[in-house]
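This report goes through one structure, shown here with its sequence.

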Amino acid sequence: MTAKPTLNITMIQSDIMLGEPDANRVRVKTQMEQAMDMDIKPDVIVLPEMWNTGYALDQIQDLADAEGALSKTWLAQFAAEHRVHIIGGSVAQKTDGLVRNTMYTFNRDGELTAEYSKIHLFRLMEEEKHLTSGDEIVTFPIEGAMGGASICYDIRFPELSRTLALQGAKVLFVPAEWPHPRLHHWRTLLTARAIENQMYVVACNRVGSSGKDTFFGHSLIIDPWGEIIAEGGESEELVSGQIDLNLVDEVRTKIPVFEDRRPYLYQLDRKDI
Ligand SMILES: O=C(O)CCC(=O)C(=O)O
């Protein structure tokens with residue numbers, strides 16, 4: 001399948017009710033329906049991180065979606081019914097007794113195209129005490145091109161987005177629950193990932209508060225030059241923008257970073273440091 005050069009993206013910059021998966025599903029579904037009612041209908045809908053439970057980590061063993069079954073079923077149905085790609089943010093899901101922070105993606109036929117579990121767990125929020133990390137780097141087809149999966153804290157690890165780009169990803173998707181006061185880090189890291197990998201970055205952050213954390217939204221679409229195409233405010237909203245996949249090739253031709261790499265010089269591992 002040849003790539004559709006332009007894609008309309010809508011990010012669901014939602015608030016999330018702590019520990020209430022049923023209510024969150026209803027809320028997110030309503031917002032997705034609003035997105036499909038817009039004049040410019042999205043080709044791709046993107047949800048935030050852990051939208052089913054929020055960071056209800058103390059109760060996560062009981063709240064996590066068993067094998068992600070419920071989340072997968074209704075996201076697949078929505079994708080097929082509305083003929084839209086869905087980057088399903090992430091959900092807490094429990095498989096074989098282990099809870100992971102997992103992204104599911106679907107194509108317009110409602111077929112599951114990828115399953116990615118967050119590989120870098122965020123100790124500042126004690127994720128590592130309650131969740132099990134994924135151990136696989138994941139790309140997926142999207143309209144004839146390739147998307148790369150990452151979740152929130154993952155963007156602090158440039159090795160991940162570089163590996164995804166080397167595997168062919170042209171768009172990096174980043175569902176997040178990123179709180180104040182680190183807005184400067186959010187913008188800077190996302191922009192850097194876009195510029196250094198000459199790829200689009202589509203980052204959907206939640207809003208609202210939970211415990212001591214306030215999540216600032218500012219969902220972003222950034223192009224391969226590092227220019228901001230769309231940015232949300234700090235309240236619930238749909239944040240939309242159009243991406244042009246041809247621009248990725250244009251930028252990579254103009255400044256051939258991938259040809260100029262010297263990978264054999266970058267081979268340090270921990271024992272060499
Ligand atoms: O890296 C950060 O500052 C925020 C990361 C985070 O909130 C997360 O991974 O859930």
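## Basis

The model is predicted.

## Helix α3

Helix α3 covers residues 69-82, 14 residues in total. From its first C-alpha to its last it reaches 20 Å, close to the 20 Å expected at 1.5 Å a residue. Just after α3, Arg 83 takes a positive phi of about 55°.

The buried residues of α3 are Ser 71, Lys 72, Leu 75, Phe 78 and Ala 79. Seen down the axis of α3, these buried residues fall within an arc of 140°, so they line one face of the helix. An α-helix has 3.6 residues a turn, so residues three or four places apart point the same way. On the face of α3 turned away from the buried side are the exposed residues Ala 69, Thr 73, Gln 77 and Glu 81. The cover over the buried residues of α3 includes α1 (21-36) and the strands β3 (65-66), β4 (85-87), β5 (91-95), β6 (98-106) and β7 (112-117).

## Nonpolar core

The largest nonpolar core has 71 residues. Those that touch the most other members are Val 46, Val 174, Leu 190, Tyr 200, Val 201 and Val 202. In soluble globular proteins, nonpolar side chains tend to be buried together.

Which residues are in contact with Val 202, leaving aside its neighbours within four places in sequence? They are Ile 9, Met 11, Val 46, Val 171, Phe 173, Val 174 and Ile 221.

## Ligand shell

Around the ligand are Phe 122, Met 125, Cys 152, Tyr 153, Arg 156, Glu 177, Trp 178, Arg 182 and His 185. By class, this shell has five nonpolar residues, three charged and one polar.

Glu 127 is in helix α4, residues 127-130. Is Glu 127 buried or exposed? Glu 127 counts as buried because it has 21 C-beta neighbours inside 10 Å, where the cut-off for a buried residue is 20 or more. Not counting residues up to four places away in sequence, Glu 127 touches Leu 121 and Phe 122; Phe 122 is also one of the residues around the ligand.

Leu 268 is in the segment after α8 (257-260). With 8 C-beta neighbours inside 10 Å, Leu 268 counts as exposed, the cut-off for which is 12 or fewer. Leu 268 and Gly 19 are 249 residues apart along the chain, and their C-alpha atoms are separated by 42 Å.

Terms used:
Residues numbered from 1 in each chain as written. Predicted model: local features only at pLDDT ≥ 70, side-chain atom pairs only at ≥ 80, totals over all residues. Helix = DSSP H or I, 4+ residues; strand = E, 2+ residues; numbered from the N terminus. Expected span 1.5 Å × (residues − 1). Arc of directions from axis to C-beta. Contact = placed C-beta atoms within 7 Å. Core = buried A, V, L, I, M, F, W, Y, C linked by C-beta atoms within 7 Å. Near = placed C-beta within 6 Å. Nonpolar A, V, L, I, M, F, W, Y, C, P; charged D, E, K, R; others polar.
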